Amino acid sequence: MELVDFEDDPARLRSTFALFPSGVAALSAVVEGRPTVLVASSFQVGISADPPLVLFAVQRTSRSWPVLRRAGRIGVSVLGEVHDAAARQLASRADDRFRGIPTTTLPNGAHFVQGAPVWFDTSVHGEFPAGDHDVVLLRVHALGTDPGAEPLVFQSSTFRSLVPRQPVA
């Protein structure tokens, strides 16, 4: 094992961070009559059970988060392997990022991508500065699962799917 001092080399740091696999979440709500979405590979669960909290980190330069944070409720859809193309579309800067993607909106404005393995109906619990990002804690109000849906994984700057291990004989 060899450790290298990256000497404030942001490219080297980002490429190393990219090797860590993570899930992909679409955070979405209808704000002022229009669905708004932010795609995050920094989404984490299990932060707290009492109160139930999840979190994600968002770049301070995000154009979606200032709009989305105004929502009373935010739907979190942990994307599945069937959402590879949808994840790219939702993360784009297109005007209609939800075009052709089946969604559901709750009366409270939380907006969800259908076919996900996990959904959370959340609200902002707190925001904290963290370097060039903010860490956002979300309080979970309701949840849903589809255990048969396989998750989408982001690793080495690309989307991947999990492959179950073969039983050891």
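Colleague: How many aromatic pairs does a search of the whole structure find?

Modeller: A pair of aromatic rings is described by the distance of the centres and the angle of the planes. Here the search of the whole structure gives three aromatic pairs. Rings of Phe, Tyr and Trp (its six-membered ring) pair if their centres lie within 6.5 Å; planes under 30 degrees apart count as stacked, over 60 as edge-to-face and the rest as tilted. One of the pairs is formed by Phe 43 and Phe 120, which is tilted, with 6.0 Å from centre to centre and 40° between the planes. This is a predicted model, in which local features need pLDDT of at least 70 and side-chain atom pairs count only at pLDDT 80 or more, while totals for chains, interfaces and linings use all residues. Residues are numbered from 1 along each chain as its sequence is written, and side-chain values use heavy atoms, with hydrogens and water left out.

Colleague: Which parts does the pair of Phe 43 and Phe 120 tie together?

Modeller: Phe 43 is in the loop between β3 (34-40) and β4 (44-49), and Phe 120 is in strand β9 (residues 118-130), so the pair ties together parts 77 residues apart in sequence. Helices (H or I, at least four residues) and strands (E, at least two) are DSSP runs, numbered from the N terminus.

Colleague: Is Phe 43 buried or exposed?

Modeller: Phe 43 is buried, at 9% relative accessibility, and Phe 120 is also buried, with a relative accessible area of 11%. Buried means under 20% relative accessible area, exposed over 50%, partly exposed in between (1.4 Å probe, protein chains only). Another pair is tilted because the rings of Phe 154 and Phe 159 have their centres 5.3 Å apart and their planes at 55°. Phe 154 is partly exposed at 26%, whereas Phe 159 is buried at 15%.

Colleague: In what order do the seven strands form an open sheet?

Modeller: Strands of a sheet pair through backbone hydrogen bonds, either parallel or antiparallel. In this case the order of the seven strands is β3-β2-β6-β9-β10-β5-β4, with antiparallel pairing. Two strands pair if DSSP finds at least two bridges between them. The edges of this sheet are β3 and β4; each has a single partner strand, so one side of each is left without a neighbour in the sheet. From one strand to the next, the twist averages 35°. Axes are lines fitted to C-alpha atoms, for helices over the stretch in contact, and angles run from 0 to 180 degrees between N-to-C directions.

Colleague: How many bridges join strand β2 to strand β6?

Modeller: Four bridges join β2 (residues 25-31) to β6 (residues 74-78). Ala 26 has Ser 77 of β6 as its bridge partner.

Colleague: Which three strands form an open sheet?

Modeller: The order is β1-β11-β12, again with antiparallel pairing. Two bridges link β1 (residues 22-23) with β11 (residues 152-155), and Gly 23 stands opposite Val 153 of β11. Four bridges link β11 with β12 (residues 158-161). Phe 154 has Phe 159 of β12 as its bridge partner, and Gln 155 has Thr 158. β11 and β12 form a hairpin with two residues between them, where Ser 156 in the turn has a positive phi of about 55°.

Colleague: Where is the place of Glu 32?

Modeller: Most residues other than glycine have a negative phi, and most peptide bonds are trans. Glu 32 is not a glycine, yet its phi is positive, about 55°. Glu 32 sits in the loop between β2 and β3 and is exposed, at 70% relative accessibility. A cis peptide bond, with omega about 5°, joins Asp 50 and Pro 51. Pro 51 lies in the loop between β4 and β5 (52-59).

Colleague: Which residues of the largest pocket lie nearest its centre?

Modeller: The lining of the largest pocket has 46 residues, of which Val 39, Ala 40, Ala 57, Gln 59 and His 133 lie nearest the centre. On a 1 Å grid over the protein atoms alone, a pocket is an open set of points with protein on both sides within 12 Å along at least five of seven lines, where a 1.4 Å probe fits; lining residues have an atom within 4 Å of a point. β3 gives the largest share of the lining, seven residues.
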